[in-house]
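Good morning. I will take a few minutes to go through one structure, starting with how to read it.

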Amino acid sequence: MTHHDDPVIAELAAANPVAVTGRPGAAEREAATRVLLRVLEVDPAPPRTGWRSSERWRGVGQAAGIVASALVVLAVVAALIRFGGTGQSAGQASGGRSQATLTLTFQALPTPQVPRITSNSLDRVTQAIRARLAIARWRGSVSASGHDRLTVVVSGIPAHDRAAVEEAIGAPQNLAFYDWEADVLTPNGRTVAGQLPNQDPAALQLSTGASAGQPGAPAAGGLPLYRAVKLASSRPAVPLSRYISRKGAQYYLFGAPGSAACTAAKADGMPVVPGEHCLLAGPADTLSALDQALPAEVSRSEGQLLTVRQGTVVLQAANPTASDVIPFTSPQARFFVLRDHVALFGVDITNPVASTDSWGSPDVRFGFTAAGRRAFQKLTATIAHRGQDVSVGGQKLYQHFAVAVDGQLVTIPQINFEQYPDGVIGANGADITGALTRNSAREIAAMLRLGALPVDLKLISAR
Amino acid sequence: MPADDARRKEFELLFAANHGPVRAYVLRRAPVVVDDVVAETFLAAWRRLDTIGEDPLPWLLGVARRALANQLRAERRREALTRRLRREPVGAYTWEPPDSMSPALADAMASLSWREREALLLVAWEGLDPARAAVAAGCTAAAFRVRLHRARRRVAAALQHGDEHGTSTAIVKEIR
């Protein structure tokens, strides 16, 4: 990491009052001579401290070896104490409670991104499910059988949690990387990137985040759900391709302000803001699913049906912090409309972990598959080039990519086109830092891990 | 070569390689006492030459920091400011921002504890990475990273570069 990665360090470095140049000038040489003579004059022959550097380092190495050995012994002893020295596992040691075992069998189904199920894609799914089990702290095993079957055995699950476990393990967890400015739409239905050269105020707000300071935040140009869905529903359908995250349309039903349907929705527990359209049901992938989600005694004809066609997505704004989670139905929730043109999917990401960067700031690190690395470089190069193009007259308009998981923005990192004029190569992976707390870094890493399910899973049996 | 000559040669090599950065370190913080502090620093190095490791600069800067604090404390004592300085921890020196620093940045830096301020300056001005800067600051690398992160966050907030999360904008970096 260089100074220029961090605005505070860069600003301080620019204010450095004494730059060290390669060759000392006459004044510095004179000062050096003066100091050297002074030192040697004060103490021409100091006593030796009697320990040569090489001996000292050898001593440190031996000490470190002793400490390391002690740590190993301590760890072994601690494990013996914890589990009673009987050799039983941690899970068995918790004994006494009933430990139901759930066996789930899934069939892996192709997606536009993974059109054929291979042993490699099954391996990726297996790893992703193991990560889910680990995150949820569930004990279990995953194994592949046949050319498209997976068996997941989870133990210690209370009966009332079984449905949640089934859903959590098999949920698609759609993870997508978008080119933010190229895909996000202003209220006039045009992309931000297309309007930045004209300094369109709405485009600038979405790109810079304006007073929110971070694009993709609720206050950074996000729309209430009705307005966002209305805007999204005005877009035509786009043919299915490998870049699309959602196959088919998505349906929403809204009630008119003050309508009987909104009153019924409120009685059903849905938040309703006076004077605004209320959400009656949705998003749903089919009309029948939409009907099933309607409030009691409300029919579809009582609301306004809005259809978001294939090729457009409505994404909820990023949560302000990891602990400040705004529910989808909250009146405070805000949304952005994007072209559904995904640059990277979960299948392209490997090993996401929360960490700290070399300056001690929380970060999220992840690697790529070979195809993912190429896609990430292409994405970030496009973003960096656009940043150069739209930054004119001393104004730097850094551009961004957006990471979304299951319909919500997670983070919108910027690409510094001065540092990465041709994008981030990502040979050793990439690192998202800044605007993160330790909790939010952990949260994002967990979401990236959950989102790495490359194919659809159909639950065949649960016993 | 006699042992004392070899020792002196070794010291001169160390001095030649590090005098510039040590002098710059002191000049950046207290130009008026630069010769005294640099001399005291290298005198310590001369006396403890055998114990200095293969990367002497962080060690030398740590000595310079303490020498600087002692020098300034002596100066201030003469100026009857002893009482205030006595409350400052050992190793601290009084912060005086350079003219090259904007008022906003100078105010932000002045709001930090001396440890936090020194953490930022070791990185931004001396160009040390956190592991080496920790040696100069006299703490563990882990403690230094925490100190540095906290300092950056506070300055960023003061400069409105950031908010409670540190820098307000997420950025992406290559992993090297």
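This is a predicted model: local features need pLDDT of at least 70, side-chain atom pairs count only at pLDDT 80 or more; totals for chains, interfaces and linings use all residues.

With that, helix α11 of chain A, residues 260-267, lies across β5 and β6 of chain A. The helix runs at about 75 degrees to β6(A).

Chain A has an average pLDDT of 79, and 80% of its residues score at least 70. Which element of chain A has the lowest mean pLDDT, and which the highest? Helix α3, residues 53-82, has the lowest at 29, and strand β9, residues 335-339, has the highest at 98. Over residues 49-97 of chain A, pLDDT stays under 50. For that stretch the model has 24 contacts beyond four places in sequence.

In general, strands of a sheet pair through backbone hydrogen bonds, either parallel or antiparallel. In chain A, three strands make an open sheet in the order β6-β5-β7, with antiparallel pairing. Strands β6 (278-284) and β7 (304-308) of chain A are at the edges with a single partner strand each, so one side of each has no neighbour in the sheet. On average, neighbouring strands of this sheet are turned by 15 degrees against each other, ignoring direction. Strand β5 of chain A, residues 250-255, is joined to β6(A) by 4 bridges. Phe254(A) is found opposite Leu279(A) in β6(A). Helix α10 of chain A, residues 225-233, also lies across β5, β6 and β7 of chain A, at about 60 degrees to β7(A).

Next, the disulfide. A disulfide is a covalent bond between the sulfur atoms of two cysteines. The count over all chains is 1. It joins Cys262(A) to Cys278(A), with 2.0 Å from S to S. Cys262(A) sits in helix α11 of chain A and Cys278(A) in strand β6 of chain A, 16 residues apart. Why is this disulfide called left-handed? The torsion about the S-S bond of Cys262(A) and Cys278(A) is about -100 degrees, so the disulfide is left-handed. Are the two cysteines buried or exposed? Cys262(A) is buried at 3% relative accessible area, and Cys278(A) is buried at 1%.

Last, chain B. Its secondary structure consists of 8 helices and 3 strands. Along the sequence, the pattern is α-α-α-α-α-α-α-α-β-β-β. Of the 176 residues in chain B, 57% are buried. Cys139(B) has a relative accessible area of 19%; buried means under 20%, so Cys139(B) counts as buried.

Note on methods. Residues are numbered from 1 along each chain as its sequence is written. Chains are lettered from A and ligands numbered from 1 in the order in which they are written. Side-chain values use heavy atoms; hydrogens and water are left out. Helices (H or I, at least four residues) and strands (E, at least two) are DSSP runs, numbered from the N terminus. Buried means under 20% relative accessible area, exposed over 50%, partly exposed in between (1.4 Å probe, protein chains only). pLDDT is the predictor's confidence in each residue, from 0 to 100. Contact means heavy atoms within 4.5 Å. Two strands pair if DSSP finds at least two bridges between them. Axes are lines fitted to C-alpha atoms, for helices over the stretch in contact, and angles run from 0 to 180 degrees between N-to-C directions. A disulfide is a pair of cysteine sulfur atoms within 2.5 Å.
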